[in-house]
Amino acid sequence: MKALSALPTEVRQYLLVTGNYWAFTLTDGALRMLVVLHFHTLGYTPLQIAALFLFYEIFGVVTNLVGGYLGARLGLNRTMNIGLGLQVLALLMLTVPTAWLTVPWVMGTQALSGIAKDLNKMSAKSSIKLLVPDSQQGTLYQWVALLTGSKNALKGVGFFLGGALLALLGFTGAVLAMAAVLALIWLGSLVLLKKDLGKAKAKPKFRDMLSKSRAINILSAARLFLFGARDVWFVVALPVYLSTVFGWDFWLVGGFLAAWIIGYGIVQSFAPYLTGKKNGHVPDGRAAFTWALALAGLPALIALGLTAGWSAQAVLLGGLMLFGVLFAVNSSLHSYLIVSYAKEDGVSLDVGFYYMSNALGRLLGTLLSGWVFQQYGLEACLWVSSGFVLLAALISIALPRHQTPTV
């Protein structure tokens, strides 16, 4: 605590926001795995499981749009604390008797969790813009990549935690334990986070929620299809496939998906070095197009391998590893570009609008993951994924291209 107090105020506040974000991410990943696996054992179909997350994604769309506005008006400390409090409430709502866990009730808890998650993410991502001068784009890219990568690595740990807690404590015990820990972090955040962090100098109007930047609008459209491409096979189809076709138990499903996301997060952290920072370059629209194009054909190749009757484990698991590497670079590159494009005063407005598109992509992917998998199987989900990535690549052609020196 003494070492923390010796740091500059801005850095100390950012570390507190990031710590909150990390703690929240652990519970978010664990809760997703708990819900998928628990309700699968209760006999829910893939489409019904996808429906449980419907409000999570819908409210994520709304929250990112309105949350950016609130962050600019009220301060990022308040949006962060509201998010933590809502997640505690969502977890406690899942501790009711099993007979009460109807589809509408669980959808309601996931709505709260979706609002909470996107308030936290918007707050953490927006804070970076306030610490790094516009002239230091290389440093900005590195900081964004580290935050994004560490977050996803922790989300992977959360996936494993969810599977482990379900096996050890059961569903109710698991969510109760997570609620207790997160409540303590929330109370600390209420005391320690500085007031007015990220508050805009000029009070934004409600109409300012919609971005007026052409670059941000184009990037947001590309982001929608990029994340739809991931979730169309990752959210429901893949965990259920691993459980039913491969016969994996909770520990193995949770552990494997955790390892995948941890590896994905590590690659995100190193994305600046994979995209040319070592040579003094930061990415632009050309890089976004190139990396999306490199990813576009991979899900289709996995689908072809499965259809041809090749070893399903070798094709799917090997393809998933390569997909994780390429997707991580794409995601990290996008995360840098939005923070770079966003204006400093009221940064959460631009970041919120962008992550609204991210949430819309996840919503689309989640719904399609349940429906397409139930109707046509995993191979169809993979073909849809390839088509979405190709659309993201084509949209990225219109992004600005520039050469910016790095620092």
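At what angle do the axes of α8 and α16 cross, and within what distance do they come? In this predicted model, the two axes cross at roughly 165° and come within 8 Å. An angle over 145° counts as roughly antiparallel, and α8 and α16 are therefore roughly antiparallel to each other. The crossing in which α8 passes α16 is left-handed.

The residues that form this contact can be followed along both helices. From α8 come I218, A221, A222, F225, L226, G228, A229, V232 and W233. From α16 come L378, C381, L382, V384, S385, F388, V389, L391, A392, I395 and S396. Divided by class, the residues of the contact of α8 with α16 comprise 17 nonpolar, 3 polar and no charged.

Helix α16, which spans residues 378-396, also packs against α13, a helix made of residues 298-307. Two packed helices are described by the angle between their axes and the distance between the axes. For α13 and α16, the angle is about 160° and the axes lie 7 Å apart. That angle makes α13 roughly antiparallel to α16. Here too the crossing is described by its hand: α13 passes α16 in a left-handed crossing.

On the α13 side, the contact is made by L298, P299, A300, I302, A303, L304, L306 and T307. On the α16 side, the residues are L378, E379, L382, W383, S385 and S386. By class, the contact of α13 with α16 has 10 nonpolar, 3 polar and 1 charged residues.

Rolling a probe the size of a water molecule over the atoms shows where empty space is left. In this model the count comes to 1 cavity of 30 Å³ or more. The volume of the largest cavity is about 410 Å³. Its lining consists of 32 residues, of which D28, K151, K155, R230 and R362 are the closest to the centre.

Which elements give two or more residues to the lining of the largest cavity? They are α2 (9-41), α4 (54-74), α6 (103-129), α7 (137-192), α8 (214-234), α10 (250-269), α14 (312-341) and α15 (347-376). Helix α2 gives the most, with 7 residues. By class, the lining of the largest cavity is made up of 14 nonpolar, 6 polar and 12 charged residues.

Terms used:
Residues numbered from 1 in each chain as written. Predicted model: local features only at pLDDT ≥ 70, side-chain atom pairs only at ≥ 80, totals over all residues. Heavy atoms only, no water. Axes fitted to C-alpha atoms, helices over the stretch in contact; angles between N-to-C directions. Helix = DSSP H or I, 4+ residues; strand = E, 2+ residues; numbered from the N terminus. Parallel < 35°, antiparallel > 145°, perpendicular 65-115°, else oblique. Left-handed = near helix turned anticlockwise from the far one by under 90°. Contact = heavy atoms within 4.5 Å. Nonpolar A, V, L, I, M, F, W, Y, C, P; charged D, E, K, R; others polar. 1 Å grid on protein atoms, 1.4 Å probe; cavity = no way out; pocket = protein on both sides within 12 Å on 5 of 7 lines; lining within 4 Å. Points joined across faces, edges and corners; volume = space filled by probe spheres on them.
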